[in-house]
Amino acid sequence: MPYNNFRTLTPLLCMLMLASCISQTPVSYAKSVDNLVIRFRYKVHIINGLPDNAKPLELSCHSNDDDLGHHTLWKDQEFRFKFGIHFWKKTHFVCNFSWGSKSLNDITVFVNEVETRTCRETGNCFWKVETDGIYFSSNDQNWEKRFNW
């Protein structure tokens with residue numbers, strides 16, 4: 001086989017070998033590898049879980065790079081945004097919330113190394129505003145109270 005033909009076949013042979021190894025990966029090993037995977041894109045959901053529309057939820061969110069603006073959410077409405085995390089600097093989003101006479105400012109809704117661990121499996125971070133405070137979930141089912149009004 002001439003030398004030039006061997007050079008062109010080498011990448012193809014490497015890809016075939018790699019594909020063969022991947023297809024032979026045991027299920028238990030694949031699950032443990034999946035737990036190590038780094039997620040690059042996330043989505044934050046902020047849900048108005050307040051009981052009525054007498055007073056809407058007002059919020060504004062921003063990071064060091066992006067101002068996401070002011071939003072008015074009525075009962076059961078949701079504001080969501082998606083983004084990619086930075087490798088060389090911290091990705092950090094904060095929001096200011098107000099409902100009637102109550103307000104909470106500079107609430108961290110996403111920061112690298114905290115939510116990248118808790119939200120990695122789904123890639124979603126959920127925040128629900130209730131009458132007694134703000135709750136967090138990574139799956140929109142199991143809620144944990146994080147902030148009081």
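**Close-up views of a predicted model**

View 1. I134 in β8 is the bridge partner of V129. The model shown here and in every view below is predicted. Strand β7 covers residues 124–130 and strand β8 covers residues 133–137. The two strands run antiparallel and are joined by five bridges. A hairpin of two residues links β7 to β8. Strands of a sheet pair through backbone hydrogen bonds, and the pairing can be parallel or antiparallel.

**View 2. Strand β8 and its surroundings.** Is β8 buried or exposed? Five of its five residues are buried, so the rest of the structure largely encloses β8. Besides β7, strand β8 also pairs with β9. The β8–β9 pairing is antiparallel and runs over four bridges. Here Y135 has K145 in β9 as its bridge partner. Six residues lie between β8 and β9 in their hairpin. One of the residues to look for in this hairpin is D140, which takes a positive phi near 65°.

**View 3. The open sheet of five strands.** In which order do the strands of this open sheet stand? The order is β4-β1-β7-β8-β9, and the pairing is mixed. Strands β4 and β9 stand at the edges. Each edge strand has a single partner, so one side of each has no neighbour in the sheet. From one strand to the next, the twist averages 20°. Strand β9 spans residues 144–148.

**View 4. The salt bridge between K89 and D65.** The structure holds four salt bridges. One of them joins the side chains of K89 and D65, at 3.2 Å from N to O. K89 lies in the loop between β4 (78–84) and β5 (92–99). D65 lies in the loop between β2 (57–62) and β3 (67–73). The pair therefore ties together parts that are 24 residues apart in sequence. K89 is partly exposed, at 37% relative accessibility. D65 is also partly exposed, at 45%. Side chains of opposite charge can pair when their charged atoms come close.

**View 5. Two further salt bridges.** Which residue forms a salt bridge with E78? The partner is R80, and the closest N and O atoms are 3.2 Å apart. E78 is partly exposed, with a relative accessible area of 33%. Another salt bridge brings together the side chains of R146 and E144, at 3.1 Å from N to O. R146 is partly exposed at 31% relative accessibility. E144 is partly exposed too, at 43%.

**View 6. A nonpolar patch on the surface.** Three residues, F40, F87 and W88, form this patch. Together they have about 440 Å² of accessible area. W88 sits in the loop between β4 and β5. At 70% relative accessibility, W88 counts as exposed.

**View 7. S103 and its contacts.** S103 belongs to strand β6, which covers residues 102–111. Its relative accessible area is 44%, so S103 is partly exposed. Which residues does S103 contact, beyond its neighbours within four places in sequence? They are F97, S98 and W149. N148 is 45 residues from S103 in sequence. In space, the C-alpha atoms of S103 and N148 are 10.0 Å apart.

Methods. Residues numbered from 1 in each chain as written. Predicted model: local features only at pLDDT ≥ 70, side-chain atom pairs only at ≥ 80, totals over all residues. Heavy atoms only, no water. Buried < 20%, exposed > 50% of the residue type's maximum accessible area, 1.4 Å probe, protein only. Contact = heavy atoms within 4.5 Å. Pairing = 2+ DSSP bridges. Axes fitted to C-alpha atoms, helices over the stretch in contact; angles between N-to-C directions. Patch = residues over 30% accessible without salt bridge, like charges linked within 9 Å, V, L, I, M, F, W, Y side chains within 5 Å. Areas by Shrake-Rupley, 256 points an atom, 1.4 Å probe, with all protein chains shown as cover.
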